[in-house]
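Here are my notes on this one, as promised. Have the model open while you read, and take the points in order.

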Amino acid sequence: MPEPCESICRQNAANEAAELEKCIKSLAEGDIDAMGPLYEMTKTSVYAYSLSLLKNSSEAEDAMHDCYIRINSSANRYKPDGKPMAWIMTVAKNICLSRLRELKKRAELTEEDWHSMLRTDDIQSNLHVAEMLEMLSDTERQIVLMHTIAGFKHREIAEHMKLPLATVITKHTRALKKLRKYYREGEGA
Amino acid sequence: MNEHEIDSKIRDAFASVTPDIKASVLSDCKQKKGKVIAMSNTSNNENKKRPVWGWIAAAAAALLLIAAAPFAIRGAQGGAKAAAVSVMIDVNPSIEMTVDSDERVIEAIPRNPDGAVLLDGMDLSGSKVNVAVDAVVGSLLRRGYLNELANSVLISVEGADSTLCERLRGELTLDVADLLGNGDFGFAVMSQKLSDDPTVSGIAEDYGITVGKAQLIASLCAADPAYDVSSLAALSINELGLISGRKTLESVETRGTSSDRAYIGREAALAKAFEHAGISSAEAGNIEIEMDIENGVMVYDIEFTAGGTEYDYEIDAVTGEVIKAENEPADTQAETPKPTAAPDDSASAQHIGRKAALRAALAHAGVSESDAYDVDIESDKENGRSVYDVEFKAGGNEYDYVIDAVTGEVLRYETESASGSAPTAKPSSKPNSSSYIGRDAALDKALAHAGLSLSAVSDIEIELEKDDGSAYYDVEFRSGSKEYEYRINAVSGKVISNSSEHAGDHHDHSASLSLIGEDRAWEIALRKAGLSMNKISGKDIELDHENGVYIYELEFRCEGFEYEVKINAATGAVMRFEKELDD
């Protein structure tokens, strides 16, 4: 990839982190208006991640809602360390896991397939992505989504998922290999 | 087509389906502001109402004493005294007692519904705090809250006079330990002095748990940042005691051992792990067993080494199911490899085991076991189905199989000419992979050589490669705008070669690298396909970099077929040719 883009991307990521930390700080001080920009910056990451854990779009939507409520109520516990996204994803993870536990206890969770979860009016392009994601194992899918959508580095994914760094890298490489292959099939469909 | 295009496709897909719930989030946040969360207990109540034990008589005696005491003391007592200390007792019922400077209870307050049940009909006001605590413990036993499955008590003391707090904490801990020590199911008494850390009160408020339990959870999280508060908050004091286990927690003193009789037990868990690994207990060394929580499930976390391999298991503490099974070559070379067979979990009830999965893949590929090398088998899940991901090399080809872990059916497979310009010859003698330093160590060596820390680099790729019988790790990473490539001897860890260059678009390198060029690549690909340029459609060419080799990846379509060709960009050799029906 061209170097300037890469450095711009990195710069953007750093700016976004600073921006997010500002929002969290404002929330901690009771300024609820900061939720708007925080929501906009993180919604796709939070939703995609919830979807990858819960595999059910309405559950993921509920989890997403709870996640922002929790972010608001625990904002005062965030210690600025330049990694607000990691914190937000941990909040999302906690919410999803407890939801998952509840659902499993009640045995109500029916897994949707990725086709139905990515259903929109613009169905054509999403179908390819759904197909691609179906090729991946659960772990691979989570790694890809965290890397792609939340912009996590391998090291951060390893910390978040409590996996060895090497495992994350191997799985990511393997997942990308699969995606490259199935990308074409989606295109041909 | 490259990684970035895939990335942006995935991003777009999720962006287009992300629901818009901003309005409801904002309105709920506004409502939530200032609202105090009511105290409710989240621990499991299933251990209540256990049989009563004979020795509870001792505790009952203390209770009788309490029943009589208030009259005497109340009579003597003038006005109410100020609270000097708070003593909190958590089992599942949670109770807080405010205590004056004479160590007499001012008030006993239930902190959850079970606490209210426990205190019903008991008047502890005016009693000496140690007598009151004995009475509470007696009641906990009598009502079955403390039993052979859950025998843990948490005592938390809070107050401005830290000498008094510390003394009370010590005395009450001994008292309760003495009382429970008479029983036949062991006990665990954890005690702590509460700090006024706002984080702790925040946890208590958020999860509706007592401050004492919240501080214990905070201590656990401090000891191991991998824990998340929400899953710990859902646990009982006994479960928290089990997890604390042998961890040394700052500010928490533990006497006794929490009961794990509700679970299959350490021995049974270890046996499950051995069975899955296909080894006998005599072969295993360096065994470590800890209880832990994984996705809200209590597990035995088991580590051991056998035959030069490190095993890491997580066994469901209730069902005995193997939740996680990982193994890798032991990192330490010092370890003497034992002459054991490769791990084989064929004994596992549900899964066919790694060996059988490999056999299925080999049979399908028509490769004999002795011809396969670089074998890598991972158990994985795909759409809820357990699978084995089997990779191996043989005869210059790379194979990647996905095998159903239960039926052994080949679900998918891929074959690819082994990376590199020419098919690698099979090593004459298979290197013993257990003597490799491991990927992490290889990365460390490369980073040390480059003078970089792990946090300074990104886009790390590590591959184990073998050539002429010697093995090495190809390590690639990026730091700032520089790309590094290292080749590390897989046994000695020595840096064999290294290079670094400024990252840039690969296409920019084409000239300087004396590649064959895209036109030539098309020529080669079309000749191989027996087609001409004007017949094909959907053309795509991309220069890629795999394992240190520049490759042109070409795609095109013709007469209902889709073609994919990989060509060594330096030599023009066709490394892969695929033609399939374009559906």
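1. Start with a helix pair in chain A. The axes of helix H2 (residues 35-54) and helix H7 (residues 138-148) of chain A come within 10 Å and cross at roughly 180°. Axes here are lines fitted to C-alpha atoms, for helices over the stretch in contact, with angles running from 0 to 180 degrees between N-to-C directions. Helices (H or I, at least four residues) and strands (E, at least two) are DSSP runs, numbered from the N terminus.

2. Who touches whom there? A:Ala48, A:Tyr49 and A:Ser52 in H2(A) meet A:Arg141, A:Gln142, A:Leu145 and A:Met146 in H7(A); contact means C-beta atoms, placed from the backbone, within 7 Å. By class, the contact of H2(A) with H7(A) has 4 nonpolar residues, 2 polar and 1 charged. The classes: Ala, Val, Leu, Ile, Met, Phe, Trp, Tyr, Cys and Pro are nonpolar, Asp, Glu, Lys and Arg are charged, and the others, Gly among them, are polar.

3. A word on provenance. This is a predicted model: local features need pLDDT of at least 70, side-chain atom pairs count only at pLDDT 80 or more, and totals for chains, interfaces and linings use all residues. Residues are numbered from 1 along each chain as its sequence is written, while chains are lettered from A and ligands numbered from 1 in the order in which they are written.

4. On confidence, pLDDT is the predictor's own, per residue, from 0 to 100. Chain A averages 82, with 86% of the residues scoring at least 70. Among the elements of chain A, H2(A) has the highest mean pLDDT (92) and H6(A) the lowest (72). Watch residues 1-5 of chain A, where pLDDT stays under 50 and the model has 9 contacts beyond four places in sequence.

5. Now the interface: 60 residues from chain A and 58 residues from chain B take part. On the side of chain A that touches chain B, H9(A) gives the most, with 10 residues. That side of chain A has 22 nonpolar, 22 polar and 16 charged residues.

6. Chain B has 15 helices and 22 strands. Of its 583 residues, 38% are buried (20 or more other C-beta atoms within 10 Å of the residue's own; 12 or fewer is exposed, in between is partly exposed; C-beta atoms are placed from the backbone). Helix H10 (residues 237-244) of chain B is mostly covered, with 8 of its 8 residues buried, among them B:Asn238 and B:Glu239. Just after H10(B), B:Gly245 takes a positive phi of about 35°.

7. There's also an open sheet of 4 strands in chain B, ordered E7-E8-E9-E10 with antiparallel pairing; strands pair if DSSP finds at least two bridges between them. Its edge strands are E7 (285-294) and E10 (322-329) of chain B, and the twist averages 15° from one strand to the next. E7(B) and E8(B) are joined by 8 bridges, with B:Glu294 opposite B:Val297. Helix H11 (residues 266-277) of chain B lies across E7, E8, E9 and E10 of chain B, at about 125° to E9(B).

8. Last, a hairpin: E2(B) and E3(B) have 4 residues between them, and B:Glu103 in the turn has a positive phi of about 65°. These two strands pair in the antiparallel sense over 5 bridges, and B:Glu96 stands opposite B:Ile109.

Methods:
Two residues are in contact if their C-beta atoms, placed from the backbone, lie within 7 Å.
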